[in-house]
Structure formats: C-alpha cells, structure tokens
Amino acid sequence: MTHRDITKDAAYDAVAPDDFEAMLALDRYTHRSTAFDKIISATHDHFWDPLDVKYIDFSEPFDMEATPLVPEWLVASLATDYVSDHLSDPKTRTRFINSHVHFAFSSILHGEQGALNLSASLCHVLRDQGAQEYAANQTREEARHVTAFARYIRARWGEPKPCGPVLKSLLVEIIHAPEVYKKIIGMQMLVEGLAMGAFATYYQNIADPLGRKLLQLVMTDEAFHHKFGKIWADRTIPKLSAEEHAIVEDWAAECFQTLLFNLVAPSQQVGLYEAFGLDPDKVLEAFRELMTDEKRREMLQRSSNIFRVLVKTLVNAGIITDRTRAFYATYVDL
C-alpha cells in the first residue's frame, strides 16, 4: 500500500516529498482545512524563548555531586541486587543516578531533533494549507526544544550522550517513511506520547528547579503536538478497512515495542554501566530475574508510568483491537 491508500481525510492528503510542483496547483490555494485552526492560533499563547533569561536562565546552579536529580525508584536498574550492591557508596550512587538522567535527557534531545525533522518533512508532503501551517509551527517549536535541551545538558553535563541504536533506527525510519500514517503514529502519537509521559514524570520528581522549569515550558508545546495525532486518529481510524487497520495496528505495536526496548534495555546503555564497573550482560541478567510478569505489570500500572500513557493513547484512538491486546497485556493490564 502507498501512503495515499491509507489517507481517509483530505486534511492529511499528501504528495511525494520531491513533488514540489503539486504544491503550486491552483486548487491548493482555494482549499484549507479548519481542523487545525485552534492549535495554530494557540501557538501565540504558549510562546517562549530558550535564549531569553526572562523565560528560563540556564546559568542557575545545581550541585550535581551532592544531590541526585531524581529519586532512586526512577532508575530501574537500582532495583536489582547486582547494581544496588555494586553502587553502595552514596556519592557513587548519586553520580550513577545523575548519569542515568544524562542518558535520558540526551535521548529526549535526540527525540526532539527527530520531531523537528519529522514536522519539517510533513511540510514537504501535506497538500492542505492548514495541515502544512500546523507542521511549520511545530517545526519552529521543536527547534526551540532542541536548543533548550542542548543548553540544559551543556549546563549540567557538558555534552549529550550518543543516541541509543534502537531509538536512532526508529527515528530514521519514521522520518524517511513515505507513508503519512507512519509519521503520525510513530512520532505524533507514540514518540510525542512517550515524551509527554517522561516530561510529566521528571517534572514531578526532578530536584533541579531549572530542569523542572524547562520541562514545564516544553510540555505546554508538546500537548498541542500530541493533539495533531489525535485529530488524525479521530478522522482516520473509523474509516479504515480491516486490512488497513491491521497495517496501522501492527506499525503502532512495532513502535511501542521499540520505544519500550530503548528505554529499559541495558544494551542501549552499555557505556553508562561500563563507566561504573558494571557488566551490561550481568545487568541484563539481573533485570530478567527481577522483571517477572507480575513485577513488570506492577511497575507499569503506576499512574505516572509513561508506557501506560502510551497504551491509553492507542486504546482511545481505536488502534488496539483483539489482534494485539495480548501483546500490550504483557506490559499493562488492559
């Protein structure tokens, strides 16, 4: 199937990325969806500037050596005996927690860069003026998120960590995908949904006032980005054939599993564990012993859990059916 076969609403009609001539068609200028007018207009209300200290001051100090950025329960590996016993010294434990947050915020930075490029790529393919204007606005907002997270990481750690291989692979696939549904489900619904869950969790628990301010500002933007995906789902999912729905549903499950793996798998954070004298293979073994089905569900059912938020998003969008319920039930009690 092509990207055009999945399109069920004119607002999401698309052309090939290199077909600029289609953008010059006269009928484009006489048709504009009103579906996005409210979230376009609202961009003025939640504007902020990461380069202006009136909004956020990245020179605010924080003692990274003495204070853990987040509580221990947010660092899953510390729940294993192997990691916890190895990191018994309080100062080392604090450094490990803050290094874990360094990796997490670096992943967020890479995700924001992906969202910037994704929304820019939508500008090249969406025919509708309203959808295109929305994508252009999101591109601008994602650019300031990249600037802001890069400056925060510079202030606290100096430079970001490399993007994990699984997350990198997913971002590349989403951005280069010709299918609009892959871009919207992968980025606007799942990556943005994951980000919203992560932002909310860190906002509630981070000890650094500067980090909390940054997350507060970013969340005001991201809520609107996530809404773009919701509009797509409302206008598209009910109109899909059984075959089309299966394609969309399988892609969502694939993205979900990829994001889950990137967040918790020790293989994605080898450098972090090795820097503290930990064997990544032994960390993985310890995770397997810890994460029985019952324990995993207990952790994932917490109201603040980001993957629970993602599953709720997919359920509300009508994407999850009996075909994939068992897959998600491995992680969340449906």
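Predicted model: local features only at pLDDT ≥ 70, side-chain atom pairs only at ≥ 80, totals over all residues.
User: Happy to dig in! Which residues of α13 are buried?

Analyst: Helix α13 spans residues 306-316, and its buried residues are I306, F307, L310, V311, T313 and L314.

User: How do you know that they lie on the same side of α13?

Analyst: Good one to check. They cover an arc of only 155 degrees around the axis, so they sit on the same side of α13. In general, an α-helix has 3.6 residues a turn, so residues three or four places apart point the same way.

User: Why is D281 called exposed?

Analyst: The cut-off for exposed is over 50% relative accessible area. D281 has 59%, so D281 is exposed. This residue is found in helix α11.

User: Which residues gather with D281 in a patch of negative charge on the surface?

Analyst: D81, D85, E274, D279, E285 and E289 gather there with D281. Both α3 (81-86) and α11 (280-290) supply at least two residues each, and α11 gives the most, with 3 residues.

User: What makes F20 exposed?

Analyst: The same test applies: exposed means over 50%. F20 has a relative accessible area of 57%, so F20 counts as exposed. Its place is in the loop between α1 (3-6) and α2 (37-41). Together with L24, L26 and Y29, F20 forms a nonpolar surface patch with about 490 Å² of accessible area.

Methods:
Residues numbered from 1 in each chain as written. Heavy atoms only, no water. Buried < 20%, exposed > 50% of the residue type's maximum accessible area, 1.4 Å probe, protein only. Helix = DSSP H or I, 4+ residues; strand = E, 2+ residues; numbered from the N terminus. Arc of directions from axis to C-beta. Patch = residues over 30% accessible without salt bridge, like charges linked within 9 Å, V, L, I, M, F, W, Y side chains within 5 Å. Areas by Shrake-Rupley, 256 points an atom, 1.4 Å probe, with all protein chains shown as cover. Salt bridge = Lys/Arg side-chain N within 4 Å of Asp/Glu carboxyl O. Lys, Arg positive; Asp, Glu negative; His and termini not counted. Charge placed at Lys NZ, Arg CZ, Asp CG, Glu CD.
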